[in-house]
Amino acid sequence: MTASPPQVFAIDLGTSGLKAALVAADGTVTGWAERPVPLRVLPGAEQDPLAWWTALGQVAADLGRDHPEQMRAVEAVCASTQGEGTIAVDATGEPLTACISWLDMRGAPHLRRQFGGFPAYQGMSVRRIARWLRLTGGMPSPTGKDPAAHMLFVRDTLPQVYARTATFLNVLDWINLRLTGRTVATVDSILTSWVTDNRRPGDIRYSPALVADSGVDADKLPPIVACTEVIGTLTPAAAAHLGLPTTVRVVAGAIDNTAAAIGAGTTGDRQPHLYVGTSSWIAAHVPRKKTDVAAGIASVPCAIGDRYLMTALQATAGANLTWLRDKIVEYDDPLLSAGHLSRDEGTIFDAFDTIIPTVPPGANGVLYTPWLYGERAPVDDANLRAGFFNISLDTNRSDLLRAVFEGVAFNTRWLLGAVNRFLGAPVTSMAITGGGALSDSWCQIFADVLGVEIRRDAQPLAVNARGAGWIGAVGTGWLTFADIPGLMRTDRLFTPDPAHRAGYDEIFDVYRTLHQRLTPVYRRLNRH
């Protein structure tokens, strides 16, 4: 019996749960364990970092029990986590606050007070916005959902906590602190503090001007490292918690969007992938820093040291299916036994895939706009809302379901137009990953609506963990990022059906018209 090849213990910490997997350098994912983590909502949105740590110990125990040989072969730990969370820690590394989640908007008024001025855009000085765009590639979210606002919220409403804060850490940074005892931020985890000069991808550093303007003491910001840097070895306490030796190295890792771009195998220039989960995005590595302000697309620091990652985010994708299943079906509906989208994607997509093919392309005339939570790109408009159009007495629920799948694809086609302009050439082939890729029907709809070849990830649910594993493998010298596309496994190609092109082109024109006509209506209905 041959020994297991060296393994990376890959952590994937999302908002709903903590997962861990054992990943070999060739991308083989052995073992998978998961625990839910609670989210406290109202008045803000918070998570307990210690609950993450407890869950991490539990999944490590599961993997040790179920895959002892691979656990013995672990030589590195690397994490992928949700981004835009903020934890204040004291001088000993203990959390002084819960993690203020990326969903938390309590910092918005503090952001406007700190960065206001005339003339202003969305409450912030145009002069400051111009400097952010020039140096960082982006700007703080006016919603207050990122660390730039979270830190100001702590400063202004919890002054005693702020005084005791040694460092503000993002989610990834806190996990790394617990693993190694070292306080660092990665080039991507620090991005949404909006205090870095990102003009040289291999030399991401703090901008003294942005730090001085941020309202946060400079000494409360952690040192910045590359995603592939080995930041230490496991502390004795962390090693005991995970059941691993203290000799195991810890690679800094990345936030989820960054890790997914590696896990999707799209490490070459302008190789896009489409991630379809609760939200969705198109992302691709590019050689230069660039921002399309109108479309809300930017290229930002990433795991590949001499590259940037272009990300174009769609606010809700699979969330539309969860809404349909949880809010529209009746109590005795067979879909209710098919599992929850975020917990058992395979089962629920099997159920959807029995229905979708029974409805012709175009959903018998029904059109759906998937803006349940506003939109981010190619328009940034929090007022937009979802809707079904052209319903008649003949419309049935199967029509509505296909219309939802197609509506998300039409929105992605709209997004792809902006991506093509950003990349300078039309995309002809795209990898698809995330839970939505489990649906054969949806993959084919994406191919037909977008008019591009869709290459499905053979293990789409493992994309973040595999990305963390590959970042860990690069950090430890087992392979290079250039090796990764050749290791990626695709289980099926979906090619556009020419018979559906003309019909989808016409519907897409109507889709764009609906946005133009309804934007002022939604502004009236939903202004706050």
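This is a predicted model: local features need pLDDT of at least 70, side-chain atom pairs count only at pLDDT 80 or more; totals for chains, interfaces and linings use all residues.

Modeller: Residues are numbered from 1 along each chain as its sequence is written, and side-chain values use heavy atoms, with hydrogens and water left out.

Colleague: How many aromatic pairs does a search of the whole structure find?

Modeller: Rings of Phe, Tyr and Trp (its six-membered ring) pair if their centres lie within 6.5 Å; planes under 30 degrees apart count as stacked, over 60 as edge-to-face and the rest as tilted. Searching the whole structure gives 17 aromatic pairs.

Colleague: Which arrangement do the rings of phenylalanine 352 and phenylalanine 405 adopt?

Modeller: The two ring centres are 5.7 Å apart. Because the planes of phenylalanine 352 and phenylalanine 405 stand at 80°, the pair is edge-to-face.

Colleague: Is phenylalanine 352 buried or exposed?

Modeller: Buried means under 20% relative accessible area, exposed over 50%, partly exposed in between (1.4 Å probe, protein chains only). Phenylalanine 352 has 0% relative accessibility, so this residue counts as buried.

Colleague: What is the arrangement of phenylalanine 410 and phenylalanine 508?

Modeller: Both phenylalanine 410 and phenylalanine 508 are buried. Their ring centres are 6.5 Å apart and their planes at 25°, so the pair is stacked.

Colleague: Which residues do ring pairs link into a cluster?

Modeller: Ring pairs join several aromatic residues here. The cluster consists of Trp371, Phe410, Trp414, Tyr504, Phe508 and Tyr511.
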